[in-house]
Amino acid sequence: MQFKAEHISFRYTDKSPLILEDVSLTIEAGERVGIVGPSGCGKSTFAKIMAGYQKPVKGQILIDDVPMERKVFCPVQMIYQHPELAVNPRWKMKKTLNECFEPDEYLLEQMGIEKAWLNRWPSELSGGELQRFCIARILAPQTKLLICDEITTMLDVITQAQIWKMLLEIADERKMSMAIITHNQALAEKVCTRIVRISD
Amino acid sequence: MSNKLNWSRKMTVLTLVIFAALYLLIIFFWGLFMNPGEYAVNYDNKLLMPSIGHLFGTDAMGRDMFKRCIKGLSNSIVIGLLASLFSSVVALIFGIASAVWGGVVDRFVKLAVDLCMGLPHLVLLILISYMLGKGTLGVTASVALTHWPGLTRIVRQEVLHLKSSQYVLASQKMGHSPVYIAVHHMIPHVLPAYLIGLVLLFPHAIMHEASVTFLGFGLPKEMPAIGVILSESMNYITTGKWWMAVFPGVMLLIAVILFDVIGETMKKLWNPNSGNE
């Protein structure tokens, strides 16, 4: 799948200044693109636009040269910085995990998710454990591009390394593309095949 | 945390709720099907002290206070039930509409809430009751029409918060329909808050019904109601007829506290952070 963001401009309200101005980005299948830039330069906003959570003021998102469809499973999925906000606190983990498809045992093992966690509430798991669930639940076969918005920033170094190792393995296996948004230059250099810089 | 411990705490809470519900149900049905003859006027037994025959004593017209209390509380529960059901349905519709549609609808609902909350509650109650000619209709309508704003705000806030939460947005991205999201994400969140609000509305409704009646803008004098009983007893309290005020007051208090206990317990049980305790 080829992903294209063409001439994206964005502002939050009519009066506020443009946060993004004429940004274009193409991601080919299997590519891992790192998006780096200083705080407040619009990285996360761009991620939300790429995943279709925000509509750009100008420009468009194309998937294989077709505008992104709504109301069906989106091939572009996003993982957030705070997993504890991204899971329904009233659902047991099993329901959260199976919300869009049923991950098989192999995937669970790959992601390091233990069976015992499935019957717990989100408040009984740690951030790293929750983040594994957030990733596993959207790794459906239809997911072609994974947008990772600072997904390991709040985790300890060991968990960070584990999660990235798993993600890279899975991405390679499936030829899944990734867009990796991070502050961490070293991380970007380690995991990405290409790095794009957003400046103010 | 052992399983046994979880169970015992849930059991204690459950027993408490069952006891409270039983007490209220017994009063409700006993009063509902009570023969009016049981609290009829009988001038032979004027102003008797509490005894085995008349548990709560009798009043100046020789009516048995215990039976009148039960009947009165039962009436109060009916009015409270009607009022809180009506209020909660209004709150649910207003709250959801305001959060989902936003814009003009939201502004209208917020204005209505502010309008209702801006006036002192009792003044509003008296105004509406007086406008509708007092009596049962006046009290029921006034109590029903003034208890929705608080709950509306809670429901609106919950739905607004959910609408923009990451897991609802993610659910949309997974291609789930609005119906799926409403059923699986929204309702499980709003329902507990709503039901707790409903139960906690109840004591308010009963108290307000009693106070409006006490002030003379409510139920007619001949109808047994806690408010009527209490306001009558005020005339006798200076002459030492304490039982006419104390027992009905205590009964009202117990009923209100029990509803409060049920509501607070539900709150604890349904909150995911304490749900497993």
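## Strand S8 of chain A

In this predicted model, strand S8 (residues 177-181) of chain A has five of its five residues buried, so the strand is largely enclosed by the rest of the structure. Buried here means that 20 or more other C-beta atoms, placed from the backbone, lie within 10 Å of the residue's own. Strands (E, at least two residues) and helices (H or I, at least four) are DSSP runs, numbered from the N terminus. Neither face of S8(A) is left uncovered: Ser177(A), Ala179(A) and Ile181(A) are buried on one side, and Met178(A) and Ile180(A) on the other.

Let's turn to its partners. Strand S3 (residues 32-36) of chain A pairs with S8(A) in the parallel sense over four bridges, with Gly34(A) having Ile180(A) as its bridge partner. Strand S7 (residues 145-149) of chain A also runs parallel to S8(A), joined by five bridges, and here Leu146(A) stands opposite Met178(A). Two strands count as paired if DSSP finds at least two bridges between them.

## Helix H1 of chain A

Helix H1 (residues 43-50) of chain A is largely enclosed by the rest of the structure, because seven of its eight residues are buried. Those residues are Lys43(A), Thr45(A), Phe46(A), Ala47(A), Lys48(A), Ile49(A) and Met50(A). Just past the helix, Gly52(A) adopts a positive phi of about 85°.

## Two helices packing in chain B

Over in chain B, helix H4 (residues 121-131) packs against helix H8 (residues 178-214) at an angle of about 65°, and their axes are 10 Å apart. Axes are lines fitted to C-alpha atoms over the stretch in contact, with angles running from 0 to 180 degrees between N-to-C directions. The crossing is right-handed, that is, the near helix is turned clockwise from the far one by less than a right angle.

Which residues of H4(B) and H8(B) meet? Leu122(B), Leu125(B), Ile126(B) and Ser129(B) come from H4(B), and they meet His208(B), Ser211(B) and Val212(B) of H8(B). Contact means C-beta atoms, placed from the backbone, within 7 Å.

## Annotated segments of chain B

An unreviewed UniProt entry annotates residues 12-33, 77-104, 111-132, 179-200 and 242-262 of chain B as "transmembrane region"; such annotations may be inferred rather than shown by experiment. In the model, residues 12-33 of chain B are 95% helix and 0% strand, with end C-alpha atoms 32 Å apart. Residues 179-200 of chain B are 100% helix and 0% strand, and their end C-alpha atoms are 29 Å apart.

## About the model

Residues are numbered from 1 along each chain as its sequence is written, while chains are lettered from A and ligands numbered from 1 in the order in which they are written. The model is predicted, so local features need pLDDT of at least 70 and side-chain atom pairs count only at pLDDT 80 or more, whereas totals for chains, interfaces and linings use all residues.

How values were computed:
A residue is buried if 20 or more other C-beta atoms lie within 10 Å of its own, exposed if 12 or fewer, and partly exposed in between; C-beta atoms are placed from the backbone. Two residues are in contact if their C-beta atoms, placed from the backbone, lie within 7 Å.
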